[in-house]
Amino acid sequence: MPNIIDVKEGQSLQKALKSAREGDILRLGEGTWREKVEITAPNLTLIGAGAGRSRIGYDDYAKKLHPDGRELNTFRTYPLAVLSDGVRMYDLSVINDYQLE
C-alpha cells in the first residue's frame, strides 16, 4: 500500500521526494515551491490543489554561471526533472519563471 505524504508550502518538496518510495502519493497544498526538484523514485503520483494553486517553479536561465563555474544550458535550467518511469502529476503547475529585464 502506498504512503500518502502531504507537503505544505514552506516545506521542502525535494526533501519529501527523497523520502518517497516507489508507488507513494505526494499531495501538495496550495502554494509555491521555489526549488529545483528531481524525481528519482518510480511510479510516484503528485497531486496538487489545482493548476495555478500548487506551483513548482525556479528561475534559472541559459548562460547563467553555475556554482561549478560552467554556464548553464537549457538542459540544466529545469525547475523539475523526472528521472524515473511511471511518474504521474495532476492539478499542479510547473514553471520556469525567469524574466529578462
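The points that follow concern a predicted model.

1. Asp60 is found in a loop, namely the one that runs between strand 6 (54-58) and strand 7 (80-82). Its relative accessible area is 5%, and because buried means under 20%, Asp60 is classed as buried.

2. The side chain of Asp60 takes part in polar contacts with two lysine side chains. With the side chain of Lys36 the distance is 2.9 Å; with that of Lys64 the distance is 2.8 Å.

3. When residues up to four places away in sequence are set aside, Asp60 touches Lys36, Leu72, Arg76, Thr77, Asn96 and Tyr98.

4. Arg88 belongs to strand 8, which covers residues 88-90.

5. Two polar contacts of the Arg88 side chain may be noted. One joins it to the side chain of Thr45, at 3.0 Å. In the other, a polar atom of the Arg88 side chain lies 2.6 Å from the backbone oxygen of Gly86.

6. Beyond its neighbours within four places in sequence, Arg88 is in contact with Asn43, Leu44, Thr45 and Leu46. As for Gly50, a separation of 38 residues in sequence from Arg88 corresponds to a C-alpha to C-alpha distance of 15 Å.

How values were computed:
Residues numbered from 1 in each chain as written. Predicted model: local features only at pLDDT ≥ 70, side-chain atom pairs only at ≥ 80, totals over all residues. Heavy atoms only, no water. Helix = DSSP H or I, 4+ residues; strand = E, 2+ residues; numbered from the N terminus. Buried < 20%, exposed > 50% of the residue type's maximum accessible area, 1.4 Å probe, protein only. Polar contact = N/O pair within 3.5 Å; in protein donor to acceptor, adjacent residues only side chain to side chain. Contact = heavy atoms within 4.5 Å.
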